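This report looks at charged side-chain pairs and at strand pairing in a single protein model. The sequence and the structure come first, and the account follows.

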Amino acid sequence: MPQVPQTLDALAVRTWCGLALEALGRAREEIDAINVYPVADGDTGTNLYLTVESAATAVEAVFAGYETAATAGYETAAAAGQVNAATADHVSTAIAATGGRDNASTEAGRPTLADAVRAMAHGALIGARGNSGTILAQLLRGMAQVLADGGEAAHTDGQGLRLALRHAADSARQAVAHPVEGTVLTVASAAADAATGAEGDCGTVARAAYEGARAALAATPGQLAVLERAGVVDAGGRGLVAVLAALVETFTGEAPGVLSAPVEVHARVEKTMSMSDVIGAGIGGVHADVCGEGPPEQDGPAFEVIYLLEAEDAAVARLRHRLDSLGDSLVVVGGDGLWNVHVHADDAGAAVEAGVEAGRPYRIRITHFGLGDVHTGGAAGRPPRERAQRAVVAVVPGEGLAGLYTEAGATTVLARPGEPPASGELVEAVRRAHAREVVLLPNDAELRHTAAAAAEQARTEGVRVALIPTRSAVQGIAALAVHEPERRFDEDVVAMTSAAGATRYAEVAVAERQSWTMAGICQAGDVLGLIDGDVAVIGSDITLTAETVLDRMLSAGGEMVTLVLGDEAPDGIAERLEARVRESWLAVDTMVYRGGRQGALLLIGVE
């Protein structure tokens, strides 16, 4: 049996997140299939998976930051703002608190419990999807508030876990405008109640919480009529039971028994129709077959609105009141200036405008329930649309580039600074592309493993996927320029790969801190010119640094220069660089695009 954590420390948090992600990955389709409340949109399992994936990614980033912080590569990336902002903040906070990197943790290269749980909570908050995912994010945040308080030794035992589970359940209930019994809130409260009465180590407390949650899940159909009519347990609660099962496995090394054993209504769903039937039938089809009734009435709000919000507490209190009057399923989670807002409303625009009045909303997602999604196959009675033969899915760093890629026919995933997409988001984009063959362009060296995992998942769903390891959006532009859907798939992939590989890439950014780089020591505020991922130029003027970078790239040859300007690029820089190319490099063409809020001031590609 592999060694398991004996106390609640950073390693235990890391292990739990990994096991919870695996458990939700296995149960995702099952949970999607039983999702009937608050809206039967068949995505609860997917939303919970994406939420935990974001949490697990944040925890892994903190561990990676500690393990590599002593190397110039990490310092270079951190200086240029390429490392996830949350990672850099967690690492630097721990170092400052202990007086230096050598003493940042009781074990070299490992974060503290506080670092790990804060990263977990932050990752879940920014990655929360859907009603249940948002509530799960608050559950994890509630646990983090207890576990990160009072020092490393204060809450590492069974008593600390009991307190954390209790605070998690209570804070999640407070985050929901109108709590309903028979949901994930009920299951969370039952888990906390059971844990409160348990005496012993973390494994004992975790198992008690799991058993309490499992029993509460089995009782949910008796508490919520829509579940009883459908013959299912609550989908969000089912996901939480999977997460708690992973907690048991974390501390005992053994996974609990089969989750569905005491839940007879769940077995009824599995016997009635297969997963392929669920996906193909649509929402109405599921209810007609499972319940023996006609399609349910869709009399709730038309839209689901989700966004992250930077706002003060007082403004959020006013926002809650405003959104409560606009719709239902209102959940607002977070704190310390960053919030995740979820609401179902008929007037999606008004819900977003309320966020603008409260602060700065971003990562806005609006879903029309009536249109269905990849899990439901569309509205009841609507035949599934025909798959395209081939599509391109690309990760892009700014709204401007997203528009450019979309115009070229690609399905895009927006990656904002410090917020890299998770593999589940890439899989969703592949599904959204709805094609038999997909070319995947990650456009970031740090996303190669994420993209590979997404490609593997898509292949299991019957999609032929080719991953081209593009390291920058300018390489993706070059690949997309030669894309020809009419060619054979292999020939198209070879041509796109060749075009991307023949494109050198660079970026100009501002250093966020003092660091060692390949070009020497940089100070906060210095302008960095990175060529093929390494700092090659350190300067004080953005335009002059960009000219130096461009000269170095063209000295090795080139026929086409691509410039992608960020929102904060200085006025006139494009004209200055275009003029320099015309004057110094004959027969070289230049293309200029607006990238929007893309992180880097300037992206440069030379083909």
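Because arginine 166 lies in helix α7 (residues 158-175) and aspartate 193 in helix α8 (residues 184-196), the pair ties together parts that are 27 residues apart in sequence; helices (H or I, at least four residues) and strands (E, at least two) are DSSP runs numbered from the N terminus.

The model is a predicted one, in which local features need pLDDT of at least 70 and side-chain atom pairs count only at pLDDT 80 or more, whereas totals for chains, interfaces and linings use all residues. Residues are numbered from 1 along each chain as its sequence is written, and side-chain values use heavy atoms, with hydrogens and water left out.

## Other salt bridges

Across the whole structure, a search finds 26 salt bridges. One of them joins the side chains of glutamate 60 and arginine 14 at 2.9 Å, N to O; this pair links distant parts of the chain, with glutamate 60 in helix α2 (residues 44-68) and arginine 14 in helix α1 (residues 10-33), 46 residues apart. Glutamate 60 is partly exposed at 35% relative accessibility, and arginine 14 is partly exposed at 23%.

Arginine 580 and aspartate 551 likewise meet in a salt bridge, at 2.7 Å from N to O. Arginine 580 belongs to helix α22 (residues 573-584) and aspartate 551 to helix α21 (residues 542-554), so this pair ties together parts 29 residues apart in sequence. A network of salt bridges links Arg390, Glu437, Arg464, Arg487, Asp490 and Asp492.

## The six-stranded sheet

An open sheet of six strands runs in the order β13-β12-β9-β16-β14-β15, with mixed pairing, where two strands pair if DSSP finds at least two bridges between them. Its edge strands, β13 (534-539) and β15 (589-596), each pair on one side only.

Strand β14 (residues 560-566) pairs with β15 in the parallel sense over seven bridges, and valine 561 has threonine 590 in β15 as its bridge partner.

Conventions. A salt bridge is a side-chain nitrogen of Lys or Arg within 4 Å of a carboxyl oxygen of Asp or Glu. Buried means under 20% relative accessible area, exposed over 50%, partly exposed in between (1.4 Å probe, protein chains only).
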